[in-house]
Structures are given as structure tokens and as C-alpha cells.
Amino acid sequence: MTRIIGLTGGIASGKSTVSNLLRQAGIPIVDADQVTRQVQRPGSSALDKLAAAFGNQVIQPDGSLDRAQLGRRVFADTAARQELNQIMQPLIRDAIWQAVETFKKQGVPNVILDVPLLYEQHYDEDCDLVVVVTVSPEPELRRLMARNHYSVAEARARIAAQMPLKEKAARADVVINNDGSPAQTRQQVAQLVEHLQSTR
């Protein structure tokens, strides 16, 4: 029986690092961001729906989605963000669970469901275990500014738009704190892998 482990965290918390370490340990990953990009590939019905809802300016000349343009369009507009979710979430959800089902048929013991909005989109309800990657506010802000070239105000606004990281951590079964060194993060992931392997 395949166990589903939800993985989430705050923006710039280091979730992708943890996800990569779990993949290196041999645990299959269903990455919601990768699934989303596949669902939104050029020529897809999803892209047609996004263009109809938000205008052709969200489609680049090569037919791919202009994610930066779409992000600017929906970030400060709650109604637009809700419309985006109504269009995309059913398509993404179906693709995610199809991927999980494929791993189940292969009989893998564990599969990681890497979803940034795990709690917000209620994926946690179908997980056997939830892992949350946390980081303190100051390094989170600093990392986000460096990674996305945001101003302080832009970075703070993006962080504030998400469910508070403390709330996610309080609901988690396992918390990986990413404030320390890469070696300390690797050690925590190794402990998680050992736990997963010993409780099959």
C-alpha cells in the first residue's frame, strides 16, 4: 500500500531543497509546480482558458504562458486570483492524482506530494503524513528578495499573501527547520527517510 506524504512550506523556505534530497534518497516525487507547467503547456486547453479570462497578453509569442504577466495580473486582485484558481485547480488536481495513481500501481511504498498550497487547496486531507519546511522570517525575506529580485515591500507582500508558516507548522506531522546549515537540513531529511523506511 502506497503511503502519501504531503510536503509544503513557506515561500523561499527551502522546500525545493528538501524535495530534491528526498528524490535523491529514492522516494518518488509528484511536484505540483511541474504538473502545473505540463497542464499549461503551449497548445493546451488550459492556456486557451487563461487567454480567454485574462487576455492574450498572458500568452508569449512562442505560445507559452507569460507567468510574470499573469502573476502581476492576479496577485493584487482577489477576484482575478479566484478566477485563476477556478480555471486551473481542477485540471491540476486531476493531473496530480493521476500521477499518484501511477505510482500506486507500481507498488512504491512512499510517494511525496510536493504542493506549495497543500493546506490551502486541501490536499492534506488525502495525505497519510504531512511534512512542513520552516524558516525564520528574516532569512525567508532575504532569500525571497535574492531569488526573485523583489524589493522589501514586494517580498513582504508575497509572504503575507500565504497562510502563515507558523500555522502550517502547527498542523504538520513532521517539521523540518531550514534555518541552519545545509548539513543540518540534510540530517533532518535523512531522519525522515529513515522513519519512512522503518515504518513501511
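The report below goes from the whole chain to single side chains.

The model is predicted, and its protein contains 9 helices and 5 strands, which follow one another along the sequence in the pattern β-α-β-α-α-α-α-β-β-α-α-α-β-α. The radius of gyration is 18 Å, close to the 16 Å that the globule rule gives for 200 residues, so the protein is as compact as a globular protein of that length. Along its principal axes, the C-alpha trace spans about 50 × 45 × 30 Å.

Of the 200 residues, 44% count as buried, and the protein exposes about 10800 Å², of which carbon and sulfur atoms supply 49%. When contacts between residues at least 6 apart in sequence are considered, 71% of them join residues at least 24 apart. The charged side chains comprise 23 positive and 22 negative ones, and the centres of these two sets lie 3 Å apart.

Apart from neighbours within four places in sequence, V189 is in contact with V18, L21, L22 and I176. The C-alpha atoms of V189 and T17 are separated by 10.0 Å, although these residues are 172 residues apart along the chain.

The count of salt bridges comes to 5, and the table lists some of them.

| Salt bridge | N to O distance |
|---|---|
| K15 and D114 | 2.5 Å |
| D124 and R171 | 3.6 Å |
| R142 and E138 | 3.8 Å |

In the salt bridge between K15 and D114, K15 belongs to helix α1 (residues 15–24) and D114 to strand β3 (residues 110–114), so the pair ties together parts that are 99 residues apart in sequence. Both K15 and D114 are buried.

For the salt bridge between D124 and R171, D124 lies in the loop between β3 and β4 (129–134) and R171 in helix α8 (residues 165–171), so this pair ties together parts that are 47 residues apart in sequence. Here D124 is buried, with a relative accessible area of 17%, whereas R171 counts as partly exposed at 41% relative accessibility.

R142 and E138, by contrast, both lie in helix α6 (residues 137–148), where they are 4 residues apart, about one turn of the helix. E138 counts as exposed because its relative accessibility of 59% is over the 50% cut-off.

Notes
Residues are numbered from 1 along each chain as its sequence is written. This is a predicted model: local features need pLDDT of at least 70, side-chain atom pairs count only at pLDDT 80 or more; totals for chains, interfaces and linings use all residues. Side-chain values use heavy atoms; hydrogens and water are left out. Helices (H or I, at least four residues) and strands (E, at least two) are DSSP runs, numbered from the N terminus. The radius of gyration is taken over C-alpha atoms; the globule rule is 2.2 Å times the number of residues to the power 0.38. Buried means under 20% relative accessible area, exposed over 50%, partly exposed in between (1.4 Å probe, protein chains only). Contact means heavy atoms within 4.5 Å. Accessible areas come from the Shrake-Rupley method with a 1.4 Å probe; for residues, only the protein chains shown count as cover. Lys and Arg count as positive and Asp and Glu as negative; His and the chain ends are not counted. The place of a charge is taken as NZ of Lys, CZ of Arg, CG of Asp or CD of Glu. A salt bridge is a side-chain nitrogen of Lys or Arg within 4 Å of a carboxyl oxygen of Asp or Glu.
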